[in-house]
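Let's take a walk through this model, one selection at a time. Have your viewer ready and follow along.

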There are 2 protein chains.
Amino acid sequence: MKEYIVQIEKELSKQIDVLNAPSIIKKAMDYSLQAGGKRIRPILLLSTLHALNQEINRGLSCACAVEMIHTYSLIHDDLPAMDNDDLRRGKPTNHKVFGEAMAILAGDGLLTYSFQRIAEDQQLTAQEKVELIKLLAMAAGAEGMVGGQVADMEGENTTLSIDQLEYIHANKTGKLITFSVVAGAIIGGATQKQQELFSKFANHIGIAFQIRDDVLDIEGDQAIIGKPVGSDITNHKSTYPSLLSLEGAKERLHYHINQAKKILEQTGLRTELLFQMTDLIAVRDR
Amino acid sequence: MKEYIVQIEKELSKQIDVLNAPSIIKKAMDYSLQAGGKRIRPILLLSTLHALNQEINRGLSCACAVEMIHTYSLIHDDLPAMDNDDLRRGKPTNHKVFGEAMAILAGDGLLTYSFQRIAEDQQLTAQEKVELIKLLAMAAGAEGMVGGQVADMEGENTTLSIDQLEYIHANKTGKLITFSVVAGAIIGGATQKQQELFSKFANHIGIAFQIRDDVLDIEGDQAIIGKPVGSDITNHKSTYPSLLSLEGAKERLHYHINQAKKILEQTGLRTELLFQMTDLIAVRDR
């Protein structure tokens with residue numbers, strides 16, 4: 001898995017390097033791409049390819065694309081008009097370094113480039129590219145991540161039901177995680193049945209990921225997470241622990257982790273990396 | 001051409017309507033899409049299809065996609081961190097109505113949806129879609145419109161050379177206009193030679209469009225343009241008139257218009273709509 005991270009970060013670096021664009025926007029895009037993310041989404045994509053006994057090369061463009069989309073969303077979320085965060089992964093946020101205007105444009109540039117990279121890929125078929133671009137846009141846009149962010153903003157300072165909370169997270173973080181796994185399945189030539197299993201698996205780890213996020217905001221170590229803890233309570237945000245109690249949230253986390261693992265077993269594929277990722281999501285400390 | 005505008009606006013409306021997303025983000029996206037733009041880019045695309053004797057139906061998704069990209073760029077450009085404009089086409093800008101956070105997200109949503117619409121189209125081949133998505137992303141991203149906006153920001157309060165000015169406008173507005181024409185050529189099945197002629201034609205009208213913009217900022221009627229005139233001088237921006245004199249700028253405008261028309265004649269195609277568009281760009285009052 002460390003080998004995957006090395007390859008992804010090398011490829012991301014190369015993709016920014018080849019851009020024929022003003023150097024300041026390349027720096028701004030690269031700054032957030034290289035700011036030490038966990039690379040969960042691209043690793044999930046490559047690990048799904050691995051599960052299907054495929055070389056990971058064919059998934060590298062799409063893995064980078066999904067990381068670009070994730071990174072753009074963090075840059076825009078951190079803006080003063082949105083969450084107004086000064087720190088991300090222990091480093092100043094993009095607009096703190098490059099200014100707000102450049103941060104908006106760096107996000108726009110990354111979002112746009114993600115689709116270009118899939119379209120330009122040399123190894124995927126045209127049909128695969130079209131399918132991946134469509135699903136990525138659906139996962140990232142108003143019907144997915146952007147819509148989830150809107151619902152999250154609208155839910156501030158109100159007590160949500162658990163259904164409303166799940167809607168927000170399914171869209172805000174879940175769909176891009178699901179896309180990552182499903183993209184690996186598509187590129188790896190999974191059968192329809194396998195794709196469905198991978199999709200269900202991804203739904204469970206997506207929810208588990210978010211519950212762990214909420215738990216870390218209570219129990220986490222600020223120095224490891226790289227941003228202040230306790231902000232959900234300060235901001236009066238509904239979370240899994242606030243709705244289910246901390247113990248209840250942890251129980252639900254383990255339920256989704258166990259379901260995810262059961263589904264992996266059902267695939268009968270080479271899923272040891274996806275098992276590791278599932279465990280990592282359950283116990284991660286940042 | 002009025003028929004084209006009706007069809008484009010109807011299709012844009014429908015495409016937002018079918019989105020499964022929180023109603024407030026749909027309203028914010030729709031507000032700017034329906035705020036009375038001139039629809040120059042989608043009309044150019046459809047008029048190029050017409051020149052090639054093709055039905056315009058096959059171009060409608062892509063025409064809407066390019067209008068979505070243009071609209072997102074206006075929403076983000078108007079933000080307080082960017083140009084801080086309160087009025088656009090005589091109406092309050094998106095963030096004035098929906099707030100900054102929603103305006104950022106509405107722009108992100110439109111940008112993302114534009115690629116989805118091309119990928120989802122029922123009539124284009126997978127190869128056509130991939131080519132259109134790649135070219136659209138190149139025209140809109142850091143190597144195109146976003147890069148031009150960055151160069152524009154960096155050039156503020158300095159006197160640019162005419163080459164620097166042309167670089168900014170070629171990227172900030174030129175490439176999306178060129179894409180619109182080239183996309184029509186691709187969808188219409190133009191030969192390589194025809195595509196090259198259309199691309200040259202589009203470069204000329206792109207420059208002419210920008211010179212006219214600069215001239216309107218001096219000679220235009222605020223009530224017709226829908227935003228304050230004279231802002232280039234107030235903001236110490238280099239423009240064609242400031243570098244070439246008003247007369248010099250007008251001469252250059254007519255040079256590019258004449259070149260554009262010569263190229264249209266060379267195609268030997270049914271270019272009467274593109275001739276009309278060329279004239280419209282030269283004399284438009286908003």
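Start by selecting both sides of the interface: 46 residues of chain A are in contact with 46 residues of chain B, where contact means heavy atoms within 4.5 Å. This is a predicted model, in which local features need pLDDT of at least 70, side-chain atom pairs count only at pLDDT 80 or more, and totals for chains, interfaces and linings use all residues. Residues are numbered from 1 along each chain as its sequence is written, chains are lettered from A in the order in which they are written, and side-chain values use heavy atoms, with hydrogens and water left out.

Together the two chains bury about 3800 Å², 77% of it on carbon and sulfur atoms; buried area is the accessible area (1.4 Å probe) that two parts lose on being put together, summed over both. Now pick Leu105(A), Thr112(A) and Glu143(A), which supply 14% of the area that chain A buries against chain B, more than any other three residues.

Next, colour H2 (23-33), H4 (60-78), H6 (100-120), H7 (126-140) and H8 (145-154) of chain A, the helices that each give two or more residues to the side touching chain B. Helices here are DSSP runs (H or I, at least four residues), numbered from the N terminus. H6(A) gives the most, with 13 residues.

Finally, move to chain B and show H4 (residues 60-78) and H9 (residues 162-187), whose axes come within 10 Å and cross at roughly 170 degrees. Axes are lines fitted to C-alpha atoms, for helices over the stretch in contact, and angles run from 0 to 180 degrees between N-to-C directions. H4(B) is therefore roughly antiparallel to H9(B), a label for angles over 145 degrees. Display the side chains where they meet: among them are Val66(B) and Ile69(B) of H4(B), and Leu176(B) and Phe179(B) of H9(B).

Conventions: Parallel < 35°, antiparallel > 145°, perpendicular 65-115°, else oblique.
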